[in-house]
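Colleague: I am new to reading models like this one. Could we go through it together, one question at a time?

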Amino acid sequence: MPTRRPAGIPLPSSPAGPDVTGHVHDLGQGLAGTALYQGVLARDHGHWQTAHTIMRTLAGKPATVHGRSASLYRGAPAVAYALHTAGHRAYQKALDTLDERIAPLIHARLTTAAHRLDTGAPPRMREYDLISGLTGLGAYLLHRGTRPDLLDGVLRYLVRLLQEPVTVHGQYVPGWWTSDSPKGRPDEGWPNGHGNFGMAHGAAGPIALLALCARAGHQVPGHRQALRQGCQLLTDRARPESGGACWPETLTLEQWLDGPRSRTRPGRPSWCYGTPGIARSLQLAALASNQPGVQRRAENILASCAADPEQLARITDATVCHGWAGLCLALDRAASDAGPDSALRHHRRTARERLRAYADETSLPRTAGLLTGADGILLTLHTLTSASSVAPGWDTCLLLA
């Protein structure tokens, strides 16, 4: 039977546990996510034994830097992200070694992407998205803060991605329109690929990263224009629905060409594909480009989502990726940037209470990881309820702050 409140990760027989086989260096679904959680706890409370044990387990198997599989959420960058967040001096040598291996990976990914951009063909999802692509590697570089030259390269790529259209079946579509199906691979059922606005795999990810970098004082030519275009895109494509607005989770070519004409039934209010992540991206972009009207629009859409019982009823778990934890984090970060009279502050408190109640009443996942495992839920609870400051920037990998 699953435990009700696992301490970071279930460890029935070994430091890695049976539930993370094949996912040791996976931030979203594996032991790297546990390392992130335990590193944050250790940094906040000063008790390092559990974190050190897990970090040794991560180091026991070489982390991949293969160009097709290594990303922010998998392989060497995922391990380095956890080590850097923990911030212990004992991890510095390992971090330096990982940096030397990750830099050529990013160079190669940027070179390949530049060649693809020059052809005008649509990208594969894994070229640019947060989970597998250059947006995620850019988030790592922003968090790490050691290679501004590489971060510049990623940002220049994202400016082009957002501003240069591609051609699909004789039609111009945005540069982030992917040739893949929503499953991340070509599919006969999606002959023209697809688009989505979500934080994990769609336009909101690049927009949020550009915004976070601008707020940190790191910009490249065309940066502000790309942010303004991102704001225009997300504002124009928000479909009206009862009490507010929302974005579709995925788009066919026909739906894109038809435009945001009709009212629509909103999907699950998730961080990964849904309104919470997209609205936060829009808010960040508006803040970074000094558009207070757009900022209020984003905050109103998110507040409407958080107040809608029909949308909240579609949340069926507590996870970060598509459950209560992700909604709570998005609300918390958005409320922190909103005005003192914003309804988001009330919805932030209510959502926290719902998350705590759900975690108390329901068995947490037996799986590890930040996105779909118990670690993400527990790290969210720690972040939202801690009386002291929590390790800064750990949620850069979610592009929420």
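Modeller: Helices (H or I, at least four residues) and strands (E, at least two) are DSSP runs, numbered from the N terminus. This is a predicted model, where local features need pLDDT of at least 70, side-chain atom pairs count only at pLDDT 80 or more, and totals for chains, interfaces and linings use all residues. Residues are numbered from 1 along each chain as its sequence is written, and side-chain values use heavy atoms, with hydrogens and water left out.

Colleague: Where is asparagine 290, and is it buried or exposed?

Modeller: Asparagine 290 sits in the loop between α11 and α12 (292-306). Buried means under 20% relative accessible area, exposed over 50%, and partly exposed in between (1.4 Å probe, protein chains only). Asparagine 290 has 62% relative accessibility, so the residue counts as exposed.

Colleague: Is leucine 399 buried or exposed?

Modeller: Leucine 399 belongs to the segment after α16 (374-385). Although not a glycine, leucine 399 has a positive phi of about 55 degrees. Its relative accessibility is 0%, so leucine 399 counts as buried.

Colleague: Why is the pair of tryptophan 48 and tyrosine 91 called edge-to-face?

Modeller: Rings of Phe, Tyr and Trp (its six-membered ring) pair if their centres lie within 6.5 Å; planes under 30 degrees apart count as stacked, over 60 as edge-to-face and the rest as tilted. The structure holds four aromatic pairs. In the pair of tryptophan 48 and tyrosine 91, the centres are 6.2 Å apart and the planes stand at 70 degrees, so the pair is edge-to-face.

Colleague: How many residues apart are tryptophan 48 and tyrosine 91?

Modeller: Tryptophan 48 is in the loop between α1 (31-45) and α2 (49-59). Tyrosine 91 is in the loop between α3 (76-86) and α4 (92-119).

Colleague: Which residue lies over the face of tryptophan 256?

Modeller: Ring pairs link Trp256 into a cluster with Trp176, Trp177 and Phe197. A charge sits over a ring if NZ of Lys or CZ of Arg is within 6 Å of the ring centre and within 35 degrees of the ring normal. Here, at 3.6 Å from the ring centre, the residue is arginine 237.

Colleague: How far apart are the C-alpha atoms of proline 62 and alanine 76?

Modeller: Proline 62 lies in the loop between α2 and α3. Along the chain, proline 62 and alanine 76 are 14 residues apart. Their C-alpha atoms are separated by 8.2 Å.
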